[in-house]
Amino acid sequence: MERIQIKYFTDKIDRLTYIGGVSDWIDLRCAEDVELSAGEFRLIPLGVAMKLPKGYEAHIVPRSSTFKNFGIIQTNHMGIIDESYCGGNDQWYFPAYALRDTKIRVNDRICQFRIMEHQPQVVFDEVDELEGQDRGGLGSTGIGAVLGKIRCLLAAVCVVSVLGTAGCGGSQKEREEIRLLGIEQLDGGNYEEAIQSFEQALALSSKVVGEFELDILKYRAEAEYRAGDYQAAAYTYQVLMQVDEEREEYRTRVCRLYIAAGQLDEAVEEYKKLYEAGSEETARILLALGQALTEAGRFDEAMGLYEQAVNGGVASGELYNRMAVCELEAGETDLALQYLEQGVKTGDQSVMGSLYLNQAAAYEKKLDFARALTILEQYTAAYGADPEIQKEMDFLKTR
């Protein structure tokens, strides 16, 4: 059994443990509270330094749930720490890039590591032929065809790279330099230029869909989103679903992007798939989708989704409030009041003020001015009166 000297930089994180027979990867934790905006890079301290055994190195990678939980990716894909990085101030860090606004709390598990022996010394013997049986070259398993589909879908054709090298299959250095250029352009707000750089990096990739290609597609989608091209960003995430499994986070982003783009038919279809899969994101997406459908005058569709959620056990003051607004817009004042009453009964203080105001508006529509005034008086007693509400109360007193 190897023994490792470890120094902790904080008492706020759990001590490292190795659980034999379960996994030989050991979790690492965030050493401080971190808030990141979408597109922000940060070296997140992990709160530890170690003296590895001679001849060993540590490999650090994200946990499988890191992107799902926090919306961050590890910019170097896998970190490698050798035994020479062992001083008292040689703290380990996680290089994080946020694809959405996120908060990471101290002691949250964000990555994992294992130690490996250094690669043994090797000698390369040049030969004219290899004795092994050919498998058909790159793409023989069908993955090459998938990448071809990516290029077709994204119009990422082979072009002359910014480094002056023509054609596909550029070197790793070329691809990485173009990728870093794209990230720099993205951070600088030059979104269209970033999209072009990511296309070039993808066009110079090999025929195998790997972490590099997936990483570039995610950056491209983020650049398209920030450029306001929501339809293109949704399309890129659809491609990711084809080549990197139909992951919940991809479908969630596709749904939200369709809503932002005003493609409500497509948004409804994606929402239904999320709902059927039992996604935890449906409650939040429903509010945005329902509002968009209501604003588009598609009241029955909005109410159908709302009622489905309520029948499925997802009920909140905000949801009842949205249902009421939908019915008010549709001219169904009595139904709106029923939903508003249900919303008030939830006791949800975060939306109570809005529930009161909508109740007052509904009773005013029914010409029940006294009831509307009473509710506004309850509102002002709890939240205070602004000039607009005071003006409305003065009007109701004259009725």
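In which hand, left-handed or right-handed, does α3 pass α4? In this predicted model, local features need pLDDT of at least 70 and side-chain atom pairs count only at pLDDT 80 or more, whereas totals for chains, interfaces and linings use all residues. Residues are numbered from 1 along each chain as its sequence is written, and side-chain values use heavy atoms, with hydrogens and water left out.

α3 passes α4 in a left-handed crossing, a term for a near helix turned anticlockwise from the far one by less than a right angle. Helices are DSSP runs (H or I, at least four residues) numbered from the N terminus. The axes of α3 (residues 172-187) and α4 (residues 191-203) come within 8 Å and cross at roughly 165°, where axes are lines fitted to C-alpha atoms over the stretch in contact and angles run from 0 to 180 degrees between N-to-C directions. α3 is therefore roughly antiparallel to α4, the term applying to angles over 145 degrees. Contact (heavy atoms within 4.5 Å) is made by residues including Ile178, Leu181 and Leu186 of α3 and Tyr191, Phe198 and Ala201 of α4. By class, eight residues of this contact are nonpolar, four polar and three charged; Ala, Val, Leu, Ile, Met, Phe, Trp, Tyr, Cys and Pro count as nonpolar, Asp, Glu, Lys and Arg as charged, and the others, Gly among them, as polar.

α5 and α6 pack at an angle of about 160°, with their axes 7 Å apart, which makes α5 roughly antiparallel to α6; α5 also passes α6 in a left-handed crossing. Among the residues that meet are Leu214, Leu217 and Tyr225 in α5 and Tyr230, Tyr237 and Val243 in α6, and the contact has eleven nonpolar, one polar and three charged residues.

For α8 (residues 264-276) and α9 (residues 282-295), the packing angle is about 155° and the axes lie 11 Å apart, so the two helices are roughly antiparallel to each other. Their crossing is left-handed, and the residues that meet include Leu264, Val268 and Tyr271 in α8 and Ile285, Leu286 and Leu293 in α9. This contact has eleven nonpolar, one polar and no charged residues.

The largest pocket is lined by 22 residues, of which Arg100, Thr252, Arg253, Arg256 and Glu281 lie nearest its centre. α7 gives the most to this lining, with seven residues. The lining divides into nine nonpolar, two polar and eleven charged residues. On a 1 Å grid over the protein atoms alone, a pocket is an open set of points where a 1.4 Å probe fits, with protein on both sides within 12 Å along at least five of seven lines, and lining residues have an atom within 4 Å of a point.

Methods. Parallel < 35°, antiparallel > 145°, perpendicular 65-115°, else oblique.
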